[in-house]
Amino acid sequence: MPDQRAKQSMKPPFPVETVGVEELDLDLRNSRFPRDAQSQDDALHLMMTTAGEECMQLLRDITRTGELNSTDLSIVVDKAGRYVALEGNRRLTCLRIWHDPTILAADEDVESAYLRRAQRLIADSAYTAPSEVRVAIAPSEAEADPWVERKHAGGAGGAGTVEWGRR
């Protein structure tokens, strides 16, 4: 049995803070994207062309319930006074659309596929878009990466989120 005095204390969780939606940036190197985005507008375009239907389903859910999943916080890292979403890019995309659905009009294909639907979801919502969200702030991308990987690796052999009924 290892000497208990030689063991380190368990690492503390990332601090959780409330930040303005306007302070959050999409990750330009998001794994969903077929290439790195060149700007925030390009990242939103890539998100909608690669995961637009999933974003619409999430927008539908959050505009109907008026809340985000409080047990599943976005993981961000501070870069030059802005917070880059390493985990939670679809949520951030939806929040941006909720604040201003006309951002979907920057691309004809994205606009024709999603703008009217987004406007309808927003108009039918009993809630206003949040101006702030709670996020977990990672000290670095390297420290966030294992948690992002666990989240998206289909349960990571039990180390990540495991869907019920999965064995």
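The model is predicted.

**Stop 1: H1 against H2**

Select helix H1, residues 40–65, and helix H2, residues 89–99. Their axes lie 7 Å apart, and the helices pack at an angle of about 85°. That angle makes H1 roughly perpendicular to H2.

Now show the side chains at the contact. From H1, pick Gln 40, Leu 44, Met 47, Met 48, Ala 51, Glu 54, Cys 55, Met 56, Leu 58, Leu 59, Ile 62 and Thr 63. Their partners in H2 are Asn 89, Arg 90, Arg 91, Thr 93, Cys 94, Leu 95, Arg 96, Ile 97 and Trp 98. Colour this contact by residue class: 13 residues are nonpolar, four are polar and four are charged.

**Stop 2**

How many of the eleven residues of H2 are buried? Nine are, so H2 is largely enclosed by the rest of the structure. To see them, select Asn 89, Arg 91, Leu 92, Thr 93, Cys 94, Leu 95, Arg 96, Ile 97 and Trp 98.

**Stop 3**

Is Asp 42 buried or exposed? Its relative accessible area is 14%; the cut-off for buried is under 20%, so Asp 42 counts as buried. Leaving aside neighbours within four places in sequence, Asp 42 is in contact with Arg 35, Asp 36 and Ala 37.

Next, select His 45, also found in helix H1. His 45 is partly exposed, with a relative accessible area of 24%. Beyond its neighbours within four places in sequence, His 45 touches Asp 107 and Val 110.

**Stop 4**

A probe the size of a water molecule, rolled over the atoms, shows where empty space is left. Turn to the second largest pocket, which holds about 620 Å³ of space. Centre the view on Arg 32, Leu 86, Glu 87, Gly 88 and His 152, which lie nearest the pocket's centre among its 24 lining residues.

Which elements each supply at least two residues of this lining? Select H1, strand E4 (82–87), H2 and helix H4 (141–152). H4 gives the largest share, six residues.

Definitions and conventions:
Residues are numbered from 1 along each chain as its sequence is written. This is a predicted model: local features need pLDDT of at least 70, side-chain atom pairs count only at pLDDT 80 or more; totals for chains, interfaces and linings use all residues. Side-chain values use heavy atoms; hydrogens and water are left out. On a 1 Å grid over the protein atoms alone, a cavity is a set of points where a 1.4 Å probe fits but cannot get out, and a pocket is an open set with protein on both sides within 12 Å along at least five of seven lines; lining residues have an atom within 4 Å of a point. Grid points are joined across faces, edges and corners, and a volume is the space filled by probe spheres set on the points. Helices (H or I, at least four residues) and strands (E, at least two) are DSSP runs, numbered from the N terminus. Axes are lines fitted to C-alpha atoms, for helices over the stretch in contact, and angles run from 0 to 180 degrees between N-to-C directions. Angles under 35 degrees count as roughly parallel, over 145 as roughly antiparallel, 65 to 115 as roughly perpendicular and the rest as oblique. Contact means heavy atoms within 4.5 Å. Ala, Val, Leu, Ile, Met, Phe, Trp, Tyr, Cys and Pro count as nonpolar, Asp, Glu, Lys and Arg as charged, and the others, Gly among them, as polar. Buried means under 20% relative accessible area, exposed over 50%, partly exposed in between (1.4 Å probe, protein chains only).
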